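Subject: Structure for you to look at

Dear colleague,

I am handing over the structure below, and I would be glad if you could read it alongside the notes that follow.

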Amino acid sequence: MLATDWSARMGLRVPIVNAPMGGVAGAALAAAVSRAGGLGMLGMGSSASRAKLETELIGLSGLDFPFGIGLVDWVAAAEPGLLDAALAARPALLSVGFGDDFSWVAPARDAGVTTATQVGDLAAAQRAVDAGVDVLIARGTEGGGHGAPRVGTLPLLTSVLDRHSLPVLAAGGISSGRGVAAVLAAGAAAAWVGTAFSACLEASVTPAVRNALLDAHDTDTVTTRVFDVAQGYPWPATLPERVLRNAFTDKWDGRETELTGAEREALAAAVAAGDHRMAPVNAGQGVGVLDTVASAADVVETLCADAARLLGRWAGQR
């Protein structure tokens with residue numbers, strides 16, 4: 001079976017970590033990925049609170065496998081008790097991202113929790129290393145959801161690996177076994193996979209979102225701030241999100257300052273109705289390979305089996 005030194009040290013059977021996608025990676029997905037041998041990450045997103053986290057953690061009670069928790073930096077800073085609740089759950093990995101405040105690292109270290117953060121360029125990687133973070137997540141511009149769209153996954157991953165000895169997880173556009181094989185061959189400690197899990201049975205999404213993901217092609221995503229602006233989410237301008245293109249992005253991307261109250265209300269109504277001709281669906285550039293709804297265990301098995309076969313073939317060609 002597929003393994004790396006880091007995945008073995010973390011008690012995993014395979015070097016697969018699901019991205020802690022807010023609104024997608026709930027307890028059901030995290031538990032399923034962990035049971036399949038990877039590291040299931042519980043994602044709280046921008047609407048996180050201590051109460052929401054504690055409710056989700058109930059779904060992980062009794063789980064006899066490692067799991068992780070992903071928090072948003074500025075949300076954790078604003079929500080009393082959120083970080084404390086996360087550390088009290090004793091996750092195998094705590095990922096806090098999308099900010100430059102590393103005050104959470106020391107409490108996590110004191111609690112014996114391994115820390116990680118997403119980085120989008122070498123400068124961000126150096127700041128994380130200087131702050132004492134244990135694991136770097138090299139998140140390339142191909143990734144879905146929010147992130148710094150600065151460098152592609154492969155050049156970012158190789159540059160970070162060349163400069164730092166910490167374990168580095170590869171994120172962004174990895175939705176197939178070939179993608180997993182590529183980043184592991186480059187030296188990644190694991191693949192950080194989001195979009196490939198977004199359509200699986202355990203993901204906290206609606207059938208309409210699954211259908212939108214399955215229908216999407218490789219060129220159907222766009223990096224934009226339009227939904228954050230229209231919905232009043234306080235994401236920094238430096239962290240846009242990659243989503244599926246739709247009528248709303250086609251009309252308003254780049255024209256956010258022109259949005260009217262009526263347009264904002266129309267978007268809110270579309271979100272409430274699950275109408276993804278206007279409502280957002282986060283997706284990375286690997287979305288084009290999705291063609292079926294599967295269980296998280298099947299996704300992990302397929303990714304790893306295909307990657308292992310390719311790596312074995314390449315090794316035999318030396």
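In what follows, Lys and Arg count as positive and Asp and Glu as negative, while His and the chain ends are not counted; the place of a charge is taken as NZ of Lys, CZ of Arg, CG of Asp or CD of Glu. On that basis, the mean positions of the 23 positive and 32 negative charges of the protein chain lie 4 Å apart.

Please keep in mind that this is a predicted model, in which local features need pLDDT of at least 70 and side-chain atom pairs count only at pLDDT 80 or more, whereas totals for chains, interfaces and linings use all residues. Residues are numbered from 1 along each chain as its sequence is written, and side-chain values use heavy atoms, with hydrogens and water left out.

The protein chain has 15 helices and 11 strands, these being DSSP runs (H or I of at least four residues for helices, E of at least two for strands) numbered from the N terminus. Of the 318 residues in the protein chain, 52% are buried, meaning under 20% relative accessible area with a 1.4 Å probe, protein chains only. The C-alpha atoms fill a box of roughly 55 × 45 × 40 Å along the principal axes.

One residue I looked at is His164, which lies in the loop between α8 (153-163) and β8 (168-171). His164 is buried, with a relative accessible area of 11%, and, leaving aside its neighbours within four places in sequence, His164 is in contact (heavy atoms within 4.5 Å) with Ala125, Gln126, Val129 and Leu136.

Terms used:
Buried means under 20% relative accessible area, exposed over 50%, partly exposed in between (1.4 Å probe, protein chains only).
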